[in-house]
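Hi,

Here is the model we talked about, with the sequence alongside. Have a look first, then read on for what turned up.

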Amino acid sequence: MASTTPREKPDGGNVPLEATQSRAWMALFAAWVIALASTLGALFVGEVMGQTPCNLCWHQRIFMFPLAVMLAIAAFRGDTDVWRYALPLAAIGGLIAGFHGLIYLGLLPEAIEPCGQGPSCASADMTILGGLPLPLLSFAAFALIAVCLILSRRLHRS
C-alpha cells in the first residue's frame, strides 16, 4: 500500500503523496489517450478514408501503435516507470514526424524525399479535417506524449 506521508513543497507547505501520485497517473493517462487517438486516427485515415500512407507514415506508425498498447497497460497498472520504454519510442517517432513535417512544408529539397512510390509526402492528400497536415499532427502527438511522460516521471519522483 502506498504511503500517505506528505511531501514538502518548495513554499514550505505539504502535498499528500496520494495527490502527487494521482497527478503522475493523470499525465500517464493523458499520454495514453493521445497515443490511442493517434492510432485510431491513422487507422481511420488509411482504412476508412482510403488514403494510402507514405513510407514515412508507415515508420511513424511503427512507433505510435506500440505506444497505444504500452501506455494502456501502464496506465491500468499505475506504472509511471513506463517512461523508460515509452519515451525512446516517442522521441524516435517524433524525429521521423519532424523530418516528415519539414518535407511537407517544403523546407527540405525534393531530392531528399523518401517517397519514391505511393503518395507524396508533400501532397494535399496529407491533410485531414479541412487542411490539418497529418505530418504536423503526428509530430504534435509524439511531442505531447513525450511531455506527458516526462511530467509523469517528475510528478512521481517529487
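One term to begin with: a residue is called buried under 20% relative accessible area, exposed over 50%, and partly exposed in between, using a 1.4 Å probe and protein chains only. A word on provenance too: this is a predicted model, in which local features need pLDDT of at least 70 and side-chain atom pairs count only at pLDDT 80 or more, while totals for chains, interfaces and linings use all residues. Residues are numbered from 1 along each chain as its sequence is written, and side-chain values use heavy atoms, with hydrogens and water left out.

**The overall layout**

The protein chain has four helices and four strands, which come in the order β-β-α-α-α-β-β-α along the sequence. Helices (H or I, at least four residues) and strands (E, at least two) are DSSP runs, numbered from the N terminus. Of the 158 residues in the protein chain, 37% are buried. Take the contacts (heavy atoms within 4.5 Å) with a separation of 6 or more: 66% of them in the protein chain join residues 24 or more positions apart. The chain exposes about 9100 Å², with 66% of that supplied by carbon and sulfur atoms; accessible areas come from the Shrake-Rupley method with a 1.4 Å probe, and for residues only the protein chains shown count as cover.

**Helix H3 and its partner**

H3 covers residues 83–104, so to speak 22 residues, and reaches 30 Å from its first C-alpha to its last, close to the 32 Å expected at 1.5 Å a residue. That expected span is 1.5 Å times one less than the number of residues. Its buried residues include Trp83, Leu89, Gly93, Ile96, His100 and Tyr104. An α-helix has 3.6 residues a turn, so residues three or four places apart point the same way.

How do H2 and H3 cross? The axes of H2 (residues 55–77) and H3 come within 9 Å and cross at roughly 150°, so the two helices are roughly antiparallel. Here axes are lines fitted to C-alpha atoms, for helices over the stretch in contact, and angles run from 0 to 180 degrees between N-to-C directions; under 35 degrees counts as roughly parallel, over 145 as roughly antiparallel, 65 to 115 as roughly perpendicular and the rest as oblique. Among the residues that meet are Phe63, Leu67 and Met70 in H2, and Leu89, Ile96 and Phe99 in H3.

Alanine 90 sits in H3 and counts as buried at 2% relative accessibility. Leaving out residues up to four places away in sequence, alanine 90 touches Leu67, Phe142, Ile145 and Ala146. Its C-alpha is 9.6 Å from that of alanine 35, 55 residues apart along the chain.

**After H3**

Just past H3, glycine 106 has a positive phi of about 80°. Leucine 108 is in the loop between H3 and strand S3 (127–128). Is leucine 108 buried or partly exposed? Its relative accessible area is 23%, so leucine 108 is partly exposed.

Helix H4 (residues 134–157) holds alanine 141, buried at 8% relative accessibility. Setting aside residues up to four places away in sequence, alanine 141 touches Ile34, Ser38 and Met64. Serine 138, also in H4, is buried with a relative accessible area of 15%. With the sequence cut-off of up to four places applied again, serine 138 touches Gln60 and Ala97.

Cheers
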